[in-house]
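Colleague: I would like a close look at a single part of this model. Please take it step by step.

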Amino acid sequence: MPLLNLGILAHVDAGKTSLTERLLHSAGVIDEIGSVDAGSTQTDTLALERRRGITIRSAVVSFPLDDVTVNLIDTPGHPDFIAEVERVLGVLDGAVLVVSAVEGVQAQTRVLMRTLRRLRIPALIFVNKIDRRGARYEEVLRELTDRLSAAVVPMGSATGLGTRAARFAPHIGPAALDVLADHDDDLLAAYVDGTVGPDRLRASLSARTRQAAVHPVYAGSAVTGAGVAALAEGIRDLLPAAGDPRGPVSGTVFKVERGPAGEKIAYARMFSGTLRVRDKVACGGPGGEGRITALTVFDRGGDVRRDEVPAGRIARLWGLTDIRIGDSVGLPRAPHGRLFAPPTLETVVVPGPEVDRGALHVALTRLAEQDPLIALRHDRVRREISVSLYGEVQKEVVQATLADEYGLDVGFRETTPLCVERAVGSGAAVEFNKQGANPFLATVGLRVDPAPAGAGTEFRLEVELGSMPYAFFKAVEDTVRETLGQGLHGWRVADCTVTMTHSGYSPRQSHAHQGFDKSMSSTGADFRGLTPLVLIEALRRAGTSVHEPMHRFRIEAPADTLGALLPVLAAARAVPRTTESHGAGCVLEGTVPAVHVHALEQQLPGLTRGEGELESAFDHYAQVVRRTVPERPRTDHNPLDRKEYLLNVTRRVGG
């Protein structure tokens, strides 16, 4: 039976969870349609999701569609949970992008469509809520073309807009031929010859949809069921099923959760091969292995135990104790790279008076397992834990999750931007074995050079690889990458090349008839201890500058509110780049520091009579100038202070 792994994507409140419920009901999987408001949906299983009426974590549910088995994945719509969407996109065969007929194309819609097109994931579009007051169809079709720059094919017409009697009549009109002919030369030739029939048009539509060249558009209402049957037919006929059970075992983990006994359960999409219980498979990093102790597959709204899972299926796997989100099961697949920007904000978790810090550490670690882009930062000196975030809503969800699932009452300090440091110039430093104030049995020389923005960090050698044991080179490289997590101002050092210019060690020595003498022979600890001192000195000589995250923004607002809007933008250090007028409205585009985006979102409705719309996304890091350079407290042994560092690392003072 063909398998289709389908994602439901949308901006918040577009109705995608309601659409999921309607599809399950139409397939006979559930007898009664759940309500987001009542908290009775199949896929929003977290107590917090039911209470807030939003999707926070992706959920999988399976249903039959004639001869196709659909694994349907409901994903979050709020931009604060974009990391959850990112993980799901890598395992999809196709997608349905839901757009509200009332609100139309939103900022999140644009972000999602750009990503679907970049990954070439076939996608249908469903214009939902045609029964709501203010619903539009033709206007939304134009928005899809203009604001998404998408080749859309209307699959019918909508009548009775804004009423409970709203309906969608499926048919392929002349507009479809115009769109398809732009992407199908054979169809264009047949059109010129006057030989295009319905079957030829439908075949072209199916082929171009599966190539992600065009996007069929349906309309309807998840609440009344209008148009859902036509959408289901499109899912069955136009989106591709995939999976090769004959190839080598290869899958990707896109979600990890904990079972009742605290055991890890991995959600994996199998791309090829057949995975069986008791199989020993490669997983995680290089050399990692695990044995499958149990597995379930999704079937008709639930999950059932199986002895094996073939390619194309999504399964829950037990036994992979060290598995993490993004890891491969079996043969690794080519990574698709990061689709969305990493978090640009950070906050310190403040435990309540009765909260055990050990329990808080365990709970936050488990939350980070479920969302690897929520990075934890432990400050052992101040006994503080910081978490990185996308936005304020995510902070509220972390707080509520800790209270609901772990019984931990916490608060947060003010949200601050996550800055980076960049090397200004080149700098080099070296310390020699058994010379000067070097207490370590190691020679390490390093040079730091700036690299272009976005280049990342590279470690190079200017010394012979055979000049000392490979383990010592590996200790230096690993420590360099760890030390670059905190530069001269405490921020991660980005985009630089670190070159090892000098190396040396004391060979293994021992006394007669005795074992290895650690005091006379170099160990990896010597190189791990010395490297931070040398690297920080090289960074000092190179100099670093601090850069803060900047978002690009797009504001649509009434033109007569521009006078009130511009001073607020100036106070937020926003820089408008372009201003365009469109009748009674205007569009401003520019950049704004990430730390001010949330406040701008809150102020915009009051400044624009509720008519303003803000779209923002991370764009770049900009150097902090003309104000105090932000500092970040260090959480390491502080190689900036040699005396303090040596006291902590060696328990003795050097020089």
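This is a predicted model: local features need pLDDT of at least 70, side-chain atom pairs count only at pLDDT 80 or more; totals for chains, interfaces and linings use all residues.

Which residues make the nonpolar surface patch of about 310 Å²?

Modeller: The patch first. L188, Y191 and V192 make up the nonpolar surface patch, about 310 Å² in area. Y191 belongs to helix α7, residues 185-193. Its relative accessibility is 45%, so Y191 counts as partly exposed. The cut-off matters here: exposed means over 50%, buried under 20%.

Now the sheet. Its four strands are ordered β26-β27-β30-β28. The sheet is open, and the pairing is mixed. At the edges stand β26 (427-431) and β28 (457-461). Each has a single partner strand, so one side of each lacks a neighbour in the sheet. From one strand to the next, the twist averages 15°.

Take β30 next, residues 496-505. β27 and β30 run antiparallel, joined by nine bridges. Within that pair, L446 stands opposite M500 of β30. β28 and β30 run parallel, with five bridges between them. Here L461 is opposite M500 in β30. T457 faces C496 of β30. Strand β30 is mostly covered, with seven of its 10 residues buried.

Last, the helix over the sheet. Helix α13, residues 524-542, lies across β26, β27 and β30. Against β27 (442-450), α13 runs at about 35°.

Conventions. Residues are numbered from 1 along each chain as its sequence is written. Side-chain values use heavy atoms; hydrogens and water are left out. Two strands pair if DSSP finds at least two bridges between them. Helices (H or I, at least four residues) and strands (E, at least two) are DSSP runs, numbered from the N terminus. Axes are lines fitted to C-alpha atoms, for helices over the stretch in contact, and angles run from 0 to 180 degrees between N-to-C directions. Contact means heavy atoms within 4.5 Å. Patches are made of residues with over 30% relative accessible area and no salt bridge: like charges are joined within 9 Å, nonpolar side chains (Val, Leu, Ile, Met, Phe, Trp, Tyr) within 5 Å. Accessible areas come from the Shrake-Rupley method with a 1.4 Å probe; for residues, only the protein chains shown count as cover. A salt bridge is a side-chain nitrogen of Lys or Arg within 4 Å of a carboxyl oxygen of Asp or Glu. Buried means under 20% relative accessible area, exposed over 50%, partly exposed in between (1.4 Å probe, protein chains only).
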